Amino acid sequence: MQNQYDVIILGAGAAGLMCAARAGQKGLRVAVLEKAEKPGKKILISGGGRCNFTNVNTGPGNFLSDNPHFAKSALARYTAQDFIDLVKRHEITFHEKTLGQLFCDGSAKQIVQMLLDECPDENVDVICDAEVTAVEHDNDRFAVMASGQIFSAPKLVIATGGPSIPKMGATGFAYDLARQFGLKVVEPRPALVPLTLGGDDVLFRELSGVSAPVTARTGAGKTKAEFAEAALFTHRGLSGPAILQISSYWRSGEEIGIKFLPEAEAEWLIGLKKDYPRANLRTVLRHHLPDRLANALADRIGIETEFSNVPDKALRSAGAQLADWRFSPNGTEGFAKAEVTIGGISTAELSSQTMEAKKVPGLYAIGEAVDVTGWLGGYNFQWAWASGVAAAEALAQAKHS
C-alpha cells in the first residue's frame, strides 16, 4: 500500500511539527513520521518540563555554525516575537527568567499540544511508532519505507535532530540520510554539555554539588567565548550554565579560564589589605563564596596569614589566579548528557532561504539536523521554529507555483 502526500517530514520534534503545521495551513498534504511512541519527546523534557521555548534576545550572534551567516535569513523572517504571539493566541501563560529566557508557567505539554493543534486535521497526519527502514528517490518522488508501509511524496524534509540525548531515541540518522544523497556533514560533537576533569583538577571533584556565579571563558580569536553565569562542580567535573555555554566552543586539549568573584576589580586584595589588614584570604573568600569552594581555593593559593603580613606581589598573584583560574578538561560527558549537537548537515549544501538541498531538489533539512547550534536558553528552539517555517513557506510556494 502506498500513501501519497505532498510532503513527508521525518521527525515530530520542534522543527518537524512547526514545518508540518505551517505547510498544512498552506494546503499541503503532509505526513510526519516519528519513530517514538509520541511526538515532541525532547520538547517535553526541555526547561525542566516547562519548555524554554524561545529567547527574546535571539539574533544570529547566538548561534554557532561553519557559516555564521546561514541562520540570518530564517531568523529574520520568523522571530521570537512571532512565536510569542503564537503562544499567546493559544492562551499559554509564560514567564521570563534570566537573560531573556521564556518558560511556560505550566507544562511543556502545552507547547507540544499547541503545535499539534496548529496542524490541520484534514491535511496533516502525524504517525508515531514509524521506524524508517529505507528512503529512495526516483522520478522526482521520494519513497519512505516505515513500519511495513510505503509513503510517497515529491518533497522530503529531514527533521530528525542530532544524536544528543540518545535515551530519548536520538541518533545520527539525519547524517546517514544526508550522506546517502551526497550531502556533506560537518563532524558532529556534543554541545551544551558538562566538562570532565582529570589530573590535578580531580581534587575539585570533592566540591560536587557546589555552585557559584563565575565568568567562564575558552578559546582564542574567532572561537573565543565568555559567559557570566553559574558554574557547578560535579562528581565528574564542571557543569552549570556558564560551563554548558562554553562547552560549545571548547575543543579537546584547550584550557578553560574561570573568574571567581566576577565583580572583583584587579587590585581588590591590595585594597582589602589597606582597609582590613587583619583579615585573611580564607575568611574573605568565605564571605563571597560557598565555604567548601572558598576553602578549596584558599588551600590551593596557600596564603594563610593576615593581609598585613602578605607582600603586595603575592596578593596581586592571588587576585590574578582567582580572576583566571585554569582548568584542563579531559573531555565532556558526551552525547548522553549533551543538550544539543554541534555540526550536522553542512549549510554549504542548503539554501539559507528555503532549507532545500542545492543538488537534490525536493530534499530539505531543518532544526538540529543542520549545522546551526544555539546558545543555552531557548535559542535552539527558535532555530527549530524559524527553519521549520522557512522550509514550509518554500514548500508551499513550490506547490502553488
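Hi everyone. Let's start in helix 12, which covers residues 379-400: F381 and W385 are four residues apart there, so about one helical turn separates them. Keep in mind that this is a predicted model.

How do the rings of F381 and W385 sit relative to each other? Their centres are 5.5 Å apart and their planes are at 10°, so this pair is stacked. Both residues are buried: F381 has a relative accessibility of 13%, and W385 has a relative accessible area of 0%.

Now let's zoom out for a moment. How many aromatic pairs does the structure hold? The count is 15.

Another of these pairs is F204 with W325. Here the ring centres are 6.1 Å apart and the planes meet at 80°, so we call this one edge-to-face. Where do the two partners come from? F204 is in the loop between strand 14 (195-197) and strand 15 (211-218), while W325 belongs to strand 19 (residues 325-327), so the pair ties together parts that are 121 residues apart in sequence. Are they buried or exposed? F204 is buried, at 3% relative accessible area, and W325 is buried too, at 5%.

F204 has a charged neighbour as well: the charged end of R300 sits over its ring, 4.3 Å from the centre. If you'd like another example of a charge and a ring, look at K97, which lies over the face of F103 at 4.6 Å from the ring centre.

Note on methods
Residues are numbered from 1 along each chain as its sequence is written. This is a predicted model: local features need pLDDT of at least 70, side-chain atom pairs count only at pLDDT 80 or more; totals for chains, interfaces and linings use all residues. Side-chain values use heavy atoms; hydrogens and water are left out. Rings of Phe, Tyr and Trp (its six-membered ring) pair if their centres lie within 6.5 Å; planes under 30 degrees apart count as stacked, over 60 as edge-to-face and the rest as tilted. Helices (H or I, at least four residues) and strands (E, at least two) are DSSP runs, numbered from the N terminus. Buried means under 20% relative accessible area, exposed over 50%, partly exposed in between (1.4 Å probe, protein chains only). A charge sits over a ring if NZ of Lys or CZ of Arg is within 6 Å of the ring centre and within 35 degrees of the ring normal.
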